[in-house]
Amino acid sequence: MKPIVTTVFSILLLLFVLPDGTQAQNGDHLTADDYERAESQLSWNVSDMVYNQNVSPNWINNEHFWYRVYTRNGDRYILVDISERDRDEAFDHGRLADVIEEHTGSSVDAGNLPLGSLEFSDDLELIRFVSNGKSWECSLSTYRCETGEYNSHRLANSVTSPDGKLAAYTKDHNLWIRNLETGDNIQLTTEGEKHYSFARNNQGWTRSDRPILKWSPDSKKISTFRLDERGVGEMVLWKTVEGRPELDQWPYALPGDSIVPMLERVVIDVDDQSKTWLQVDPDHQRASNCCGLVRAGDWVDNEWSADGSKLAFVSTSRDYKDVKLRIANPETGEVKEIFEDRDDVFFESNLTSRGVPNWRVFHDSNEFIWFNRSDNWGHIYLHDLGTGELKNRITEGNWNVVDILRVNEDDRTILFTAVGKEEGRDPHHEHLYRINFDGSGMELLTEDQAHHSVNLSPEASYIVNTFSSFQTPQVTVVRDHSGNHLMTLEEADASDLRETGWQDPIPFSAKARDGETDVYGIMILPSNFDESKSYPIINAIYPGPQGGSVGTRHFSSSRRGQAHALAELGFIVVAIDAMGSSPIRSRDFHIAYHGDMIDNGLPDQITAMEQLAEQYSFIDINRAGIYGHSGGGFATAAALTQYPEFFKVGVSGAGNHDNRGYTYYWGEKYQGLLEEENSTDNYESSAVHLQAEKLEGKLLLSYGTMDTNVHPAMTLLFVDELIKHNKDFDLLVMPNRGHGYANEPYSIRRTWDYFVEHLAGQTPPKEYHIQR
């Protein structure tokens, strides 16, 4: 068999930083000391043990930017002058702290300066910020500061115009704007009503009071919609309070519903409050890629021309198979259909969850860039805007474009990130490239063998590039437009983290169920690992299909499911991106179990774990567990019922166990439209509760009673069937919790206890209290 773990692992065995002593056990008991060691590895206890790690540039102009970085001396504000290759503290932190302290009378820590909304003057001589409810302006030469009343006209749950002068918000089912300079409020629409509202952000599984819209670049128009939810079926939850429970009820469409939310597109003129309805049939509540209708605060799949005279948008069919690029005249409402594309399974315009769709329209040259997976890989193509006809392919090969970051129409070049292009590298690692519109001159701009994130200067002539891997902390550098290294900004320091006994995740690859396809994962060992011992193995699963179990490829002090902490209790913890889970592999890989969601990639998880156990004798494959939340909760319940001979113990949280009861946004994409035939339907075979009689192992189920994303009913259906089949199981109910309770200390401790008792066969300390 081909080795599935590289020789890096053997080297790591010699380099492990071992804490003093070994695992404190008293016979078959774990002690509070063991749990305390595990607790020390929880995300909130290790997140501040990596220094100089994160750089998020705030550009002042094309050659200057500032950023805040966490260091051993607290937060430091750094000012960078690229032209001079200069990086230095932006100001005297101690002196500024003294000035603020003198003005406010409150103690100020120089390593934690209260600088809200910080900005620099164009000449870099002044800084402006908000602190203690006041606006401040301070000279960086004299440190004399002037304070004034902070503009209190700003509004929560609003969308600010590009010029920063207006904020759009919703009230009483209508759209309003506030003048942020005067505080005046103007009502833009008047005919909104309940379930027929303007810019309403209710997608069933997620809701917000922040409107969904797209401002024109000149801040004069707003592209939005009227959301028709009349007649849409509703979800109901009851908040637990003393006396009568409180009702929460809202429209939430399910797969197969005949009435679903529809969007009626409209452009609103801010100056005269006039409305122009686009002359197009109502659209489904869909985006051309996963997930939801918002990207970076804006309505996705909307693109204004630079002068605001045209509005390009993409409509996606209910089944996600058909997409149409259209151009609207915002003055007349006339709509022209430019291009139509189809994927027989589901269309994706970007392969990352909540990525910005990779289509761009160029009105001056009468062209557009389009993205699809028509040849099994995600690539970009140049089309004629007038006819829709293909002019030329831009990228090609057995790899994927990830994000179009910048397009230069003048020199006809594109900056984009991609995965899988470089031979012999992890196919999940992103790199930055440049290419010409005609597909020529492709250049790799980030050569280091690592996972890369980039931030471009306003003119895209400089690149701030952060790169790292599972085992190598972040390095952040500045590059020129050709990718040449200009200066190093930060090198992350993880020495304090490693001194706690924290272990580097060990990357590996294995063969999937077909014996041919590579799947990738990480393995986490306890800090007191002893190769001569035998350890149970636990799978931390998230099946996607919009992203897998492993998560970020950057260096990170914590992983899915608090995996490092769990490993400390004497387990080998693995996370594996199975077939069907990772969109940034091939299309065939991504759609591997489309229409059969109960698959969850479990056959690949099992074979990869078996291959690991064959490679390493310290893994006891006969003691295999699995846990996960949301989709991972669904996968865990499926694992215990579909493969009871392999998975002995599972902890399943907030699972969408029957996608007929989950949002139609999800199920109709990954399972397909619900089709009924002969008293059954195409979702039934993937409903976990109908497999309840197959449960053999130990299973802990949990849910939050106010989970507005994954409704508790799906777990309760499973519970009811387990009772009917006289099955033993355990249930944890989290009152008044929504979907995100997995990292609550009590939930974590119960998960630990369950695996310690039922998989390791030991007794946990009673009611150990995790601090947070």
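## Ile 78 in its strand

Helices (H or I, at least four residues) and strands (E, at least two) are DSSP runs, numbered from the N terminus. Ile 78 is found in one such run, strand β5 (residues 74-81). This is a predicted model: local features need pLDDT of at least 70, side-chain atom pairs count only at pLDDT 80 or more, and totals for chains, interfaces and linings use all residues. Residues are numbered from 1 along each chain as its sequence is written, and side-chain values use heavy atoms, with hydrogens and water left out.

Is Ile 78 buried or exposed? Ile 78 counts as buried, because its relative accessibility is 2%. Buried means under 20% relative accessible area, exposed over 50%, and partly exposed in between (1.4 Å probe, protein chains only). Beyond its neighbours within four places in sequence, Ile 78 is in contact with residues including Phe 65, Trp 66, Arg 87 and Glu 490. Contact means heavy atoms within 4.5 Å.

## A four-stranded sheet

Four strands form an open sheet in the order β7-β8-β9-β10, with antiparallel pairing. The edge strands, β7 (116-120) and β10 (145-149), each pair on one side only. Two strands pair if DSSP finds at least two bridges between them. Strand β9 (residues 134-139) and β10 pair over five bridges. Ser 135 stands opposite Gly 148 in β10.

## Leu 247

Leu 247 lies in strand β21 (residues 246-251). Leu 247 is partly exposed, because its relative accessible area is 45%.
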